[in-house]
Amino acid sequence: MDHHLPIVYDVFGIPGLHVNLSNILMLTISAIIVFCIGFFSARNLKMKPSGMQNVFEWLIDFIKNTITSTMDWKTGERFFGLGITIFLLILISNLIGLPFMIVTAETHTVWWKSPTADPVITMTFAVMVVVLTHFYGIKMKGLKEYGKDYIRPMPFLLPLNIIEEFANTLTLGMRLFGNLYAKEILLTLLASAGGASVLGFLAAGVPMIAWQAFGMFIGVIQAFIFLMLTMVYMSHKVMDEH
Amino acid sequence: MPETITWGDTIFSLVMFLILLLLLRKFAWGPMMNMMKEREEHVASEIETAENSRKEAEKYLEEQKKEVEKARQEAQSIIETAKKTSEVQGEEIIAQSRREAERVKESALAEISREKEQAVAELREQVGSLSVMIATKIIEKELDEKQQEQLIEEYVKEAGERL
């Protein structure tokens with residue numbers, strides 16, 4: 001039960017640059033899947049869409065709608081690429097851990113799992129998103145307006161506003177991590193129970209299927225929430241609040 | 001939970017995210033959004049074309065209706081004129097034939113009277129000559145009254161037969 005992570009310490013001889021090879025592997029696979037979905041959907045574009053093109057166009061409309069629900073499309077258009085990439089990558093990363101988990105027998109090293117079940121990855125995305133919101137906030141409203149936002153609506157709310165930024169970042173990353181980690185843990189437990197004995201297999205089979213279905217649901221919902229919150233934070237920073 | 005923070009993952013995921021974003025833009029949603037925009041324009045233009053052709057069709061229909069109405073009126077007027085003309089012509093024909101008949105009748109009457117006059121004149125002439133003949137005969141024979149009478153009667157009868 002005691003799983004290890006395939007961590008390589010001090011890559012390239014740089015002190016402190018540790019790498020979790022499982023994360024690298026799974027993220028790369030997710031990214032390749034996402035790219036393939038996009039690439040094959042758009043391979044032969046037709047005026048009259050069919051098959052995968054329909055699906056991907058629906059997806060584009062979905063992202064578009066999510067963005068326009070938080071800000072107007074003229075402002076939001078530039079975040080479309082960010083939105084669709086983050087949504088698809090997190091969605092595939094969430095779902096990729098569902099069907100199985102690969103653990104080496106001798107060392108119990110986890111290779112195949114959802115990369116989003118690792119707090120480092122989720123926090124990376126969360127921090128990236130929040131930093132981007134600040135960047136666009138300064139870029140589109142100017143440094144002065146951006147700064148003024150911290151003392152709105154009341155000057156004494158300044159500390160709260162600063163805390164809010166960190167809280168946003170932390171909750172954004174941790175929500176995703178928590179959900180996915182819980183899913184992985186329970187899947188692992190059920191899988192080990194099912195693999196232990198015939199009785200265990202019978203007992204764990206039904207909950208396993210149910211939990212996988214629920215895990216799929218969680219994966220989709222969390223990807224959507226991440227996208228939605230990204231856009232909400234973004235609009236919070238770039239739109240004039242009146 | 002990881003016992004160490006793997007900063008390498010952070011760098012890797014950021015770089016990979018950026019690459020994925022660029023690739024998706026280049027190969028997936030970039031061209032697809034262009035296509036969607038193109039389709040939107042295409043649909044809009046198609047709708048406009050359809051609208052225009054519908055309007056045109058309506059206009060033509062209106063024109064055709066007017067044309068038909070005009071033709072009908074024309075036909076009506078032609079029929080009416082023909083009716084009037086035929087009536088006038090008929091009347092004229094009748095009047096003409098009536099006049100003709102009158103003329104024929106008159107000429108026939110004139111002919112009859114002329115013939116009659118001629119006949120009477122002829123008769124008169126013959127009666128005259130017969131009288132002369134009778135008178136001559138009477139004078140020649142010097143007959144008695146009774147014989148004279150008988151002779152006159154005879155001659156008159158003869159004349160009547162010859163007439």
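Student: How many residue pairs are in polar contact across the interface of chain A and chain B?

Tutor: In this predicted model, the rule finds three residue pairs in polar contact across the interface of chain A and chain B, both residues of a pair being at pLDDT 80 or more. The count of salt bridges between chain A and chain B is one, and it joins A:Glu57 to B:Arg39, with the closest N and O atoms 2.8 Å apart. On the side of chain A that touches chain B, at least two residues each come from strand 2, helix 1 (21–41), helix 2 (52–68), helix 4 (80–96), helix 5 (119–148) and helix 6 (158–196), and helix 1 gives the most, with ten residues. Sorted by kind, the residues of this side are 31 nonpolar, eleven polar and five charged. The contact as a whole takes 47 residues from chain A and 32 residues from chain B, and the two chains bury about 3500 Å² between them, 80% of it on carbon and sulfur atoms.

A:Asn20 counts as buried because its relative accessibility is 1%, and buried means under 20%. Leaving out residues up to four places away in sequence, A:Asn20 touches A:Leu5, A:Pro6, A:Ile7 and A:Asp118, together with B:Thr6 and B:Asp9. Its side chain also reaches the backbone nitrogen of A:Ser22, at 3.1 Å.

Definitions and conventions
Residues numbered from 1 in each chain as written. Chains lettered and ligands numbered in written order. Predicted model: local features only at pLDDT ≥ 70, side-chain atom pairs only at ≥ 80, totals over all residues. Heavy atoms only, no water. Buried < 20%, exposed > 50% of the residue type's maximum accessible area, 1.4 Å probe, protein only. Polar contact = N/O pair within 3.5 Å; in protein donor to acceptor, adjacent residues only side chain to side chain. Contact = heavy atoms within 4.5 Å. Buried area = accessible area lost by both parts, 1.4 Å probe. Salt bridge = Lys/Arg side-chain N within 4 Å of Asp/Glu carboxyl O. Helix = DSSP H or I, 4+ residues; strand = E, 2+ residues; numbered from the N terminus. Nonpolar A, V, L, I, M, F, W, Y, C, P; charged D, E, K, R; others polar.
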